[in-house]
Amino acid sequence: MADAANQIPDRIPIDLVVNGVRRTLDLVPWTTLLDALRDHLELTGTKKGCDHGQCGACTVLVDGRRVNSCLTLAVMKDGAEITTIEGLASDGALHPLQQAFIDHDAFQCGYCTPGQICSAAGLLAEGHAKNADEIRELMSGNLCRCGGYPNIVAAIQQAMGRP
Amino acid sequence: MNAYVGTATSRVDGRAKVTGAAKYAGEFAADGLAHGFVVAATIPRGRIARLDTSETLKVKGVLDVLTHAHRPPLADKDEAWKDEVAPEEGSPFRPLYDDSIKFNGQPIALVVAEDWETAKFAATLVRVDYQEEQSFATDLEAERSKGAEVKQLHKPRGDAARALAGASVRHEADYFVPTEHHNPMELFATTTVWDGNGRLTVYDKTQGVQNVHKFLCSVFGKKPDDIRVLSPYVGGAFGSGLRPQYQVVLATLAALALERSVRVGLTRQQMYGLGHRPATIERVGLGAKPDGTLDAVTHEATAVTSRYEDFSRNDTGWAEQLYKSPNSRFSHKLVRLDVSTPCDMRAPGAASGVCALECAMDELAVALKLDPIELRLKSYSDRDQSEDLPYTSKQLRECYARGAEAFGWSRRNPAPRSMRDGKELVGWGMATGVWEALQMPVAARIVLTANGHAEVSCAASDIGTGTYTIVAQVAADALGLPIENISVRLADSTLPQAPVEGGSWMAASSAHAVLGAAEDIRQDLARLASTMPASPLGGVDAADVILVDGTISKNGDKGRAVSIADAMRYGKLERLEKQKLNQFAEDKSHARNTHSAVFAEVKVDEQLGVIRVTRVVSAVAAGRILNTKTGRSQIMGGVVWGIGMALHEETVMDHRFGRIMNPNIAEYHIPVNADIHDIDVIFVEERDDRINRLGVKGLGEIGIVGVPAAIANAVYHATGKRIRRFPITLDKLLD
């Protein structure tokens, strides 16, 4: 008989409200919110860049706040409202941040972009960043290896409506 | 004709990227998709004595564990494993091939399970006993004397040793560039879809789908039609995706073993077992006459390679070609160590080699009490010194002038520690950048439909460089259609031929393939239109016809035009399809290069040694810029990479264990948003009628070259300390 310690424990049922739609999942307890979105809900717009909370590519909004979904177990967020990059545009109209990122060429490969945009949406909601230096500081949890930072700052400034 | 080329057109794939619709290799779904998790070796050299998977296999949901002793067949000849960019010398790495361990982090087993969570957990239960080889080496500096000479392309000029020894002013020093890892944001991943009967569709993170396609066919003994490789979006690569990486072999191996679809995604830590920029000791010697003209240039690079392949790049050729010097000598040595084979990383060879050369030039300028720009102008060459050839174009002189003006260089006080801003020391430094302007065989297909829409396709990848966009721009202009009517398909191995995307060659190469196909379409349409009854183009020579605003028109006379739709209807053509391989005139009588002048300002906290790069001006001469928006982004990204190389990036090895100590992106530092301040990109006009029809040279690499040296030189100017060991971290300033 197999060693009990090596067996997968029972799955846990949870509900997530993702981009306004209630989704029910049965997950093993160590499933991250990131893997729940990408692998179990096929919402692959949220990216995995490190799985260790180091890069910010997995940033989503949970109850309006920006979080690293790779450092969040899905079971901890039972009942929470999640907004991913797929939920930012409404009725086909881009969110002002999405349009600003295109206007300022604030991405190259595009892989960090959903996390950057969700993080910027969280930043705007927080209301702490008033100028470029503060944007730079408060967006430093989101790495961009293509080196698009100055354009990311310009795009966020456009969406904030401030120089 | 030029509605789009040369403008700041926004990326045509922008919407897909900002909405999350763009799908990367590890994101394609398939029925019954299984997930593989890699088990990696924890010793640098030896053999697998025992690999016990019994506990792993007991876990519910585990499908199989593939190892060297338990796997489908793999090719046994080196030739089958040599991809299009593999080093000529050596035996390429073969994952799960046998029991030998060649580097720490080498994959030794693949656990395949119904889901990712199960595979990841079960992989922790694999037990491995090693027969460790005690004699291993990973330290370049300790093994420096074992360097084996790489054959040089050119003979030495004059007598460099004597000229250097006798020079009135001389500078000679070692510069150390550490191992660096690409760290693209996307983790390496492959989704191999089992299509039945041994046919596979492979979504891979790669810079070259046809390279991977050919590689997989030879490794698995498949026919070309059995495998199709796609990589529509690539989340950064910077050279790490030039060669097929081991996860594509493992995913395909598992798919064949299980006869079902399999995804293998690497962790960030596992990616440190892939290729890297090799640690290199760059020894540069410069000798000058009293007036500052160079009399001797020597450059000896000693770089790491693996024990199983000889990877070497051109570190010293830049010193060889850039400055006039009657005496010069260059050499490149390889030290074989117990690490994975290095690979190309943004501006391979140049990023490291030019860094050393341009730091050395700054040191020489200080010794001569000359302005650094003036020193460079004294030995400025209008001919490539290594081949003694003129350039197709070279506006480097203008780069110095425009860059210096924009930066305010004339206000620089040359004395170190002479400039301050509060408690920070201010330093201004500059350097030259140089890269090649290469072009490769690429074919493109255009399908024009009667509704005025065109689909352009090519196997080339867009790794964030903007290939989708420039292809659309060139096609829109050449076909006289709005860019919204152009759709672009790339990165599918079944599309017209393209090599790997690298070396800055894809813009020129793909643009001219598109131009060629569009030219054939134009000729067919011109012929058709001129034969229509009462055609306004009757009697007009096809060469005198252009496509503009959806019409076929006489050049310079818009009144004489036929709409494309009418002409195609008349010809009963639903679609018009043309495929063309680009063609460049053979020209061995000119050198082809891009150049830049880079100016950097640093501010250094005198007490803490914290360095900030507050301003960079990069003045680039790279022929015609196809897209000023995406082009500027490429240079800006290169500058950010240069800042990382100067101040942050280093893969740190514990040589006692032959193991990387910082295999993650918290401890391997790359620039974050707060590290980056003003970056001013100037495209210096450089008309080049000789290199190719559009005068395009490419931008992917030139942006990084020279930046680390400009920053190191600025740090010296700020602090009076010359740091020759990169990265320049604050502990080195406080020493």
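How far apart do the C-alpha centres of domain 1 of chain A and domain 2 of chain A lie? In this predicted model, the separation is 23 Å.

**View 1. The two domains of chain A.** The domain assignment divides chain A into domain 1, residues 4–87, and domain 2, residues 96–160. Their contact draws 15 residues from domain 1 of chain A and 13 residues from domain 2 of chain A. On the side of domain 1 of chain A that touches domain 2 of chain A, the elements giving two or more residues are strand 3 (59–62) and strand 4 (65–68) of chain A. Strand 3 of chain A supplies the largest share of that side, three residues. By class, this side of domain 1 of chain A comprises six nonpolar, six polar and three charged residues.

**View 2. The contact between chain B and chain A.** A total of 52 residues from chain B and 53 residues from chain A take part in the contact. Helix 1 (14–19), helix 4 (116–123) and helix 15 (628–647) of chain B are the elements that give two or more residues to the side of chain B that touches chain A. Of these, helix 15 of chain B gives the most, with eight residues. The side of chain B that touches chain A consists of 24 nonpolar, 16 polar and twelve charged residues.

**View 3. The annotated region of chain B.** An unreviewed UniProt entry carries the annotation "domain: Aldehyde oxidase/xanthine dehydrogenase a/b hammerhead" for residues 19–134 of chain B. Over residues 19–134 of chain B, the chain is 15% helix and 29% strand. The end C-alpha atoms of this stretch are 52 Å apart.

**View 4. The largest nonpolar core.** This core has 287 residues, and those with the most contacts inside it are B:Val111, B:Ala475, B:Val514 and B:Ile711. Helix 13 (residues 506–530) of chain B gives the most to the core, with 14 residues. Leaving aside neighbours within four places in sequence, B:Val514 is in contact with B:Ala444, B:Val456, B:Val471, B:Val474, B:Ala475 and B:Ala478.

**View 5. Helix 13 of chain B.** Helix 13 of chain B has 25 residues and reaches 36 Å from its first C-alpha to its last. That span is close to the 36 Å expected at 1.5 Å a residue. Because 20 of the 25 residues are buried, helix 13 of chain B is largely enclosed by the rest of the structure.

Terms used. Residues numbered from 1 in each chain as written. Chains lettered and ligands numbered in written order. Predicted model: local features only at pLDDT ≥ 70, side-chain atom pairs only at ≥ 80, totals over all residues. Domains from an automatic or database assignment. Contact = placed C-beta atoms within 7 Å. Helix = DSSP H or I, 4+ residues; strand = E, 2+ residues; numbered from the N terminus. Nonpolar A, V, L, I, M, F, W, Y, C, P; charged D, E, K, R; others polar. UniProt positions renumbered as here; feature names shortened; annotations may be inferred. Core = buried A, V, L, I, M, F, W, Y, C linked by C-beta atoms within 7 Å. Buried ≥ 20, exposed ≤ 12 C-beta atoms within 10 Å, placed from the backbone. Expected span 1.5 Å × (residues − 1).
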